Each structure stands twice: as C-alpha cells, then as structure tokens.
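User: Can you walk me through this one? I'd like the sheets first, then the chain contact.
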Amino acid sequence: MRAVRLSVVTAAATAAALAAVTGCTEKGSSGSGDRVISVTATDDKCEVSKKEFPAGHVELDIENKGSKVTEVYVLFPDDRIVTERENIGPGTKQKVTAEVKAGDYTITCKPGMKGDGIRQTVKATGGKAPKRDPRLDAAVAAYRKYVQEQADATLPLARTFAEAVKAGDLEAAKKAYAPSRIGWERTEPVAESFGNIDPKVDVRADGLEAGQKFTGWHRLEKSLWADKKITAEDKTLADELITNLTGWQKRVGTAEITPTSMANGAKELLDEVATGKVTGEEERYSHTDLVDFKGNVEGAQDAYELLKPVANENDAALVTELDKQFAALNTLLDKYRADKNSYDFTSYDKVGDADRKQLSDAVNALAEPLSKLAAAVVK
Amino acid sequence: MTETPEKTEGSTSRRALIGWGGAGLALGAAAAGGAVAMTRSGDDVQTVAADAGGAVDFHGGHQAGISTPVQDRLHFAAFDLETDDRAEFAQMLKDWTAAARRMTAGLAVGEGAYGGLAEAPPDDTGEALGLKPSRLTLTIGFGPGLFEKLGMAERRPEALVDLPQFSGDNLDKNRSGGDVCVQACSDDPQVAVHAVRNLARIGFGKVSVRWSQLGFGKTSSTTPEEQTPRNLLGFKDGTRNIAGTESARLNKFVWVDGADTDGNSAWMEGGSYLVARRIRMHIEPWDRTSLQEQEDIFGRDKGEGAPVGKAKERDKPFLKAMKPDAHVRLAHPDSNHGATLLRRGYSFTDGTDGLGRLEAGLFFLAYMRDVRKGFIPVQRNLATDALNEYIQHVGSAVFAIPPGVRDKDDWWGRALFSQEA
C-alpha cells in the first residue's frame with residue numbers, strides 16, 4: 001500500500017525537522033549553507049550545486065526551470081528512498097530536508113514524473129551523526145534484529161505454502177496460506193519501505209495499477225478460495241513469491257530505521273488494521289483477516305515495547321494508556337480463537353457487524369494514543 | 001440568523017403588533033436584516049451574536065444550543081460508553097469541555113493544527129482553520145444506559161424514561177440510543193463537523209460513535225421575529241415554538257427546576273431533556289398528493305401557513321375547524337393538556353436510498369422539562385395523525401441534558417460526577 005510506504009519514508013525526511021526540535025544536530029550547521037544543495041531541474045537536466053557535503057541535516061533547494069511537472073528524490077545506492085518531493089510545477093521552488101549519514105546517494109529528477117529520471121551521484125562525508133539516546137539506538141538495533149528474525153521465520157512457512165500450491169494440493173495450500181503471512185504482517189511498514197517488493201507479493205486486486213500484473217499472496221488466495229483450483233500459472237506465481245520474499249529477507253536488515261519511524265510504523269500497523277482488516281477487504285477470499293490483524297497488532301506491540309522505557313520517562317500517562325489499550329485489543333482478539341497459542345482465528349465472514357464495530361472501536365482506542373508515541377520518544 | 005426577514009408590509013406590521021406568549025411586544029428585530037441582540041428587560045435573554053459568524057458564549061446556567069437562536073446546520077452524534085471507570089469518563093468530560101470552550105470561540109483544539117512536533121499528529125484536525133466561530137454551540141447529554149454502565153443507576157433521573165414503543169415506529173437500532181450525545185449547531189457545516197470529529201477523537205477508548213446525523217435547513221425557529229422555516233414537505237413548521245427570549249415558557253416547559261429533583265437528581269437542576277427522532281419522509285408520494293390533501297393533513301395552508309379558516313400564519317388556530325386527524329390539531333398544546341416542546345429540528349437528506357428514493361426527512365430535536373409530560377403524550381396523541389402516511393420514525397434516542405458550564409473552572413457533568421450519593 002503506497003500510503004504506508006510513503007509515510008515510512010517521510011519519517012526519514014522529517015527526522016530533520018525533529019532534530020531541530022530536539023536539538024540533536026548542531027543548530028548552526030544547517031544554517032551555514034554547507035549542507036544546502038541547490039537542485040536545478042529542467043526537462044533534460046538535473047543539476048546539483050555540490051556533489052559532496054557533510055553528513056547530517058541536508059536541505060535541497062529545488063527549482064524547476066523546465067516545462068514539465070517534476071519530482072526529485074534522494075535515494076540510497078539500492079534505490080530505497082531517503083526523501084522525495086512530488087508535483088513540483090514548472091517555475092516553482094520547493095524545499096526538502098533529510099537527515100543523511102555518510103555515504104553515497106543519488107539525487108534524481110523525474111521530468112513528467114515518469115521513468116527512472118535523470119540521476120546525479122553525490123556523497124555525504126564525515127559529518128557528525130545526530131546524537132541520540134543510546135537506549136533508542138539499542139531499541140533500533142533490537143528492532144532491526146526483530147525484523148530480520150521475522151523475515152527469516154517467514155521463508156520456511158512461505159515455502160511450505162508454495163510447495164503445496166506446486167503440488168496442486170488445494171487443502172494443504174489453504175492451510176499454509178495465512179501462517180505464511182504473519183511475519184510479513186508483523187513488520188509491514190518496514191517491508192513496504194522497499195517500494196518494489198510489496199506490489200509483487202502483497203497487492204490486492206483493487207490495488208493494481210494500469211498494466212500491473214496481479215501476483216503474490218492474494219492472487220493465489222483468489223485461486224484457492226474463489227476459483228477453487230490451482231492452475232499452471234499459479235505454480236509459477238508460487239515460485240515468484242518465494243523469489244521475491246527471499247529478496248526481502250536479504251535486504252530487510254538494511255532498512256532505514258529510526259526511533260520515530262518505529263513509533264509511527266507501529267501506528268501504521270494499526271492503520272493497516274483499520275483500513276484493510278476491519279473491513280474484511282484484505283483477505284476477501286480466504287477471510288483470514290483476523291490472522292493478519294493479530295500479526296499487525298503483535299508487530300506494533302513489539303516496536304512499542306522496545307521504545308517503552310524512553311516513552312515512559314517522557315510521558316508515563318501515555319504508556320499507561322497504551323498498555324491498557326493493547327491489553328484490551330488483545331483480549332478482544334482472543335475471543336476469536338479457542339487456543340491463545342494458535343493462529344487459528346474465526347473466519348472473518350462469520351464476524352457480524354456489531355462485533356466488527358467493536359473491533360474497529362478497539363483499534364481507534366489504541367491507534368489514537370499510539371499516534372502520540374513518536375512525540376513521547378523524542379521529547 | 002442569515003435569513004433576511006420578509007420586508008413586506010404585512011409581515012413587518014405583524015411582527016410589530018402581535019405579542020408572543022403573553023410577554024408583550026416582540027422586538028421589531030426585522031429591520032436590519034442581520035441578527036439583533038435582544039434586550040427585553042426582565043427576561044433571561046440569550047445573547048445573540050452580533051453577526052452570523054460570531055461566537056455564542058459557551059458559559060451559562062443553561063447549556064448553549066437549546067434556547068439559543070437556531071443556527072443553519074447540525075452535526076449530531078450519539079456515543080456508546082466504552083469504559084466503566086467513572087473517573088476516566090469524568091476526565092474525558094473535562095477534556096471535552098476544554099476543547100468545546102476553544103472551538104465555540106473559534107479557536108483550534110489544544111496546541112492547534114500546525115506548528116507542533118513534525119513527527120506527531122496535531123491536536124486539532126485543522127479543517128476549521130480560518131473559519132469564523134459561526135455561532136457554534138455544543139450541547140452534551142447523557143443517555144439512560146450511562147448511569148447503569150457507570151454504576152450510578154440511582155442518579156438516573158426519573159424523568160429520563162425509556163421511550164415506549166409508539167404506533168408506526170420502525171426503529172433502526174443503528175440509528176437509535178446512545179449513552180452520550182453531542183449536538184453541534186453552527187451556521188457553517190464545516191465548523192459543526194469539525195467540532196464533533198475532534199470530540200470523537202478525544203473520546204476514543206472512552207466513547208465510540210454509535211451513530212450520527214447531519215442536518216441542514218432548520219425546521220423550527222426559536223426566534224419568532226424571523227421567518228418561520230419550512231420542512232421538506234414544504235410547510236412552515238414550528239410557528240408556536242418557544243422563543244429563546246420567553247423565560248416564562250422556558251421555565252415552565254424546558255428547564256428542570258429544583259422542585260423536579262431529589263437528592264439523587266439534584267445535578268439536573270438547570271438542565272433539560274432531549275428527545276431525538278429521525279423521521280424519514282416519503283417524499284415522492286407526498287409530492288404526488290393534491291394540494292388540498294396536503295393542506296388538510298397539516299391543517300394549515302401551504303403559502304402563508306395560516307391555520308384553517310384564518311388569514312395569517314400566526315392567527316390563533318381554531319382546532320375544531322381542522323380535520324380530526326390534522327397534524328397541527330393533534331400536536332397543538334390545547335390537544336395535549338398544554339404539553340409544549342421546544343423544537344430545534346433540522347431537515348436532512350443522506351442522498352438516495354438505493355431504490356432511487358430521496359433518503360430524507362426531519363431530524364426532530366425537542367427539549368423539555370420532563371419527557372413523561374412532554375414528548376410522550378404528544379407523540380401518543382399523534383398516533384392518528386394523517387401525516388403518518390407520509391412519514392416514519394426510524395431512529396430514536398433520549399438524553400438528560402445537564403445544566404450549563406458556569407465558568408472556566410466548571411465542566412460538563414461536574415454536578416453529576418462530583419455529587420455525593
């Protein structure tokens with residue numbers, strides 16, 4: 001889902017704004033001009049005023065002198081997005097800020113907002129990394145480990161699913177489907193930050209863009225539950241799913257993670273629940289929405305628990321409220337499974353409107369205070 | 001008060017000459033076109049904002065939004081209680097009061113909608129930035145279920161009865177009931193929606209929205225110097241409504257008096273009771289009904305709004321001249337042992353209903369001193385109303401409306417939650 005992917009990216013971009021608030025970076029430096037890069041975009045050029053700059057808070061002053069609407073990205077070497085600005089009209093100026101560590105980056109202008117764009121390689125040197133609470137660095141490290149563990153644990157489960165599809169075993173494939181997704185659902189905002197994986201493995205029929213092929217988990221879900229048959233193409237798709245998930249497993253450890261992106265990522269997991277699971281849209285054929293639901297909540301709670309010591313120092317009342325609301329939502333979810341150690345949840349088409357509303361209310365009750373976690377972490 | 005009063009000779013002289021509720025001459029408020037402050041001596045007068053964009057005072061002995069001149073737009077929301085913790089709910093009411101105090105003054109909630117920490121969502125949702133206060137009033141009420149859920153059943157006032165089943169009711173439980181209600185009235189729909197949205201957000205975890213209703217085009221007026229508005233059936237409605245300036249009738253029919261309460265319900269003194277009914281209109285059949293029948297059904301003519309056999313809208317109706325099942329005849333206080341309600345209902349339309357019919361009608365809101373002496377007898381008497389062929393009650397709720405927030409240290413429901421049992 002694009003909205004979610006962008007907001008994780010935005011987290012990196014807004015780290016700069018945050019730094020100003022929290023006094024993490026040296027205040028003088030951002031105003032001194034050495035970290036201001038002018039970007040002049042035209043229809044066939046993307047000129048940057050400097051190709052080397054100190055790491056830290058960086059500001060791009062973008063001017064579109066071309067005739068087309070353009071967009072400008074700062075990318076990591078593997079094309080992950082550091083920051084971006086879309087819809088820069090001809091003759092207009094825009095500012096974008098980012099917090100960058102030392103290393104190589106690409107600045108890309110996309111006249112007409114299409115294609116790979118016009119690229120410039122730039123380098124952030126030395127510089128002083130923003131000072132952070134060591135407990136938060138430990139939280140980030142622990143979360144990075146968690147994300148990797150989830151990906152590692154997902155692969156065998158996904159393979160079980162793929163093998164069943166390839167064997168043409170409809171029942172075995174149905175059984176293996178939901179469990180194969182739990183690790184992904186727990187870490188979705190991070191998984192989605194690699195913009196090109198999510199559209200291949202977790203897209204839904206209504207999320208397809210023009211010309212985009214319907215692949216991944218939900219395409220197979222449709223075959224298993226709606227079409228009730230496994231085609232030769234499905235078997236190919238099962239292999240592709242494993243290939244794409246393997247790519248995710250390899251790259252997930254390199255994701256850009258900050259304390260605030262963890263906090264807001266936790267909130268985004270609840271947003272995923274609110275927009276896709278509570279409505280029954282996500283798993284419209286299999287009705288295994290509650291398994292994803294639980295996965296999203298677990299992922300949010302894991303991120304939260306890592307940030308909790310710092311948050312508790314800054315806003316104890318918020319932590320009390322979050323503990324209470326996580327417990328309430330988990331208790332509610334337990335009503336839909338007989339065994340608290342299993343992920344065998346009630347089929348969502350059997351959950352009535354009144355119960356769905358109760359779930360939705362519990363999500364709102366948790367997500368609203370959770371949206372304040374990032375502020376509590378960096379106060 | 002955005003409607004420009006009629007400037008015809010007849011209406012001006014009528015307003016100048018005809019007294020209201022026995023309280024003497026109505027002010028000739030029509031002249032300027034804009035709203036006019038009413039200063040009749042000896043009356044408990046609600047301040048009228050200087051213009052349609054102005055602010056209505058949030059503080060007072062009674063909650064604003066009852067006898068306040070009716071604004072053009074409504075967003076009404078009913079909430080279910082999600083907590084059984086009295087202290088937690090009381091804290092929410094304090095937070096709501098603080099937000100309401102700001103919003104009715106045209107200010108953003110909390111720290112505002114921008115300029116705060118970039119990583120955190122702003123306190124205010126922002127869609128009312130730059131808009132005038134627009135006479136926003138926020139009025140809160142407590143439904144019957146609240147007292148049970150908070151373990152304070154003994155404090156439920158006796159006058160807050162569960163409404164009985166009325167003839168012709170076809171109530172949708174998803175549009176009925178609620179433990180808490182908020183009535184947001186404003187001249188700008190965005191201001192009213194903003195207010196309810198922000199209160200809902202503050203309330204997450206403590207209350208959840210059960211149902212809500214948007215309204216436009218007030219269907220009754222508490223300011224008789226204004227033109228009587230028309231409902232979606234095209235008829236003037238609320239001609240004899242209680243005016244915001246008529247303290248004698250307000251005290252008699254609307255405000256809860258000390259004599260009405262006992263030790264457990266003393267917190268209601270200065271409050272009122274609200275009955276909300278979503279009344280669906282069968283618009284298309286009505287529009288195919290002959291003019292004669294339409295006028296017979298109401299007991300008034302369609303143009304002037306005059307009662308049967310009379311010339312002017314405000315001529316005293318002769319009920320016996322109307323058909324026995326005429327709406328005005330059955331609803332009139334004289335047919336109900338004097339029972340009188342303060343109405344501030346709104347028209348609504350929620351698009352079409354899937355069968356191509358206008359999903360529209362009247363969102364009826366009536367305030368009264370005692371539900372048992374107000375709405376119930378009147379509605380029972382309307383069982384034979386000829387209008388029933390064209391309307392259906394599809395939603396229903398009743399609330400106790402606590403007294404006003406007196407000053408900046410006071411909060412909604414303080415008397416209830418601070419009262420020693």
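**Sheets and interface**

Analyst: This is a predicted model. In chain A, 4 strands make an open sheet, ordered 2-1-4-7, with mixed pairing.

User: Which strands stand at the edges there?

Analyst: Strand 2 (46-48) and strand 7 (93-100) of chain A. Each has a single partner strand, so one side of each has no neighbour in the sheet.

User: And what does the twist average?

Analyst: From one strand to the next, the twist averages 25°.

User: Strand 1 of chain A and strand 4 of chain A: parallel or antiparallel?

Analyst: Parallel. Strand 1 (residues 36-41) and strand 4 (residues 56-64) of chain A pair over 6 bridges. A:Ser38 has A:Asp61 in strand 4 of chain A as its bridge partner.

User: How many bridges between strand 1 of chain A and strand 2 of chain A?

Analyst: There are 3 bridges, and strand 1 and strand 2 of chain A pair in the antiparallel sense. A hairpin of 4 residues connects strand 1 of chain A to strand 2 of chain A. Across this pairing, A:Thr40 stands opposite A:Glu47 in strand 2 of chain A.

User: OK, next sheet. What is the strand order in the sheet of 5 strands?

Analyst: The order is 3-9-8-5-6, again in chain A. This sheet is open, and its pairing is mixed. Strand 3 (52-54) and strand 6 (81-88) of chain A are the edge strands, each pairing on one side only. The twist averages 20° from one strand to the next.

User: What joins strand 3 of chain A to strand 9 of chain A?

Analyst: 3 bridges do, and the two strands run parallel. Strand 9 of chain A covers residues 118-125. A:Glu52 stands opposite A:Lys123 in strand 9 of chain A.

User: Switching to the contact. How many residues does it take from chain A and from chain B?

Analyst: 20 residues come from chain A and 14 residues from chain B. Together the chains bury about 1,300 Å², with 55% of it on carbon and sulfur atoms.

User: Which three residues supply 29% of the area that chain A buries against chain B?

Analyst: A:Lys357, A:Asp361 and A:Glu368.

User: How many salt bridges between chain A and chain B?

Analyst: The count is 2 salt bridges. One salt bridge links the side chains of A:Lys324 and B:Glu88, at 2.4 Å from N to O.

User: Which helices of chain A supply at least two residues each to the side that touches chain B?

Analyst: Helix 1 (2-22), helix 10 (259-277), helix 12 (316-334), helix 13 (353-370) and helix 14 (373-378) of chain A.

User: Which helix gives the most?

Analyst: Helix 1 of chain A, with 6 residues.

User: And how do the residues on that side of chain A divide?

Analyst: On the side of chain A that touches chain B, 9 are nonpolar, 6 polar and 5 charged.

Notes
Residues are numbered from 1 along each chain as its sequence is written. Chains are lettered from A and ligands numbered from 1 in the order in which they are written. This is a predicted model: local features need pLDDT of at least 70, side-chain atom pairs count only at pLDDT 80 or more; totals for chains, interfaces and linings use all residues. Side-chain values use heavy atoms; hydrogens and water are left out. Two strands pair if DSSP finds at least two bridges between them. Axes are lines fitted to C-alpha atoms, for helices over the stretch in contact, and angles run from 0 to 180 degrees between N-to-C directions. Contact means heavy atoms within 4.5 Å. Buried area is the accessible area (1.4 Å probe) that two parts lose on being put together, summed over both. A salt bridge is a side-chain nitrogen of Lys or Arg within 4 Å of a carboxyl oxygen of Asp or Glu. Ala, Val, Leu, Ile, Met, Phe, Trp, Tyr, Cys and Pro count as nonpolar, Asp, Glu, Lys and Arg as charged, and the others, Gly among them, as polar.
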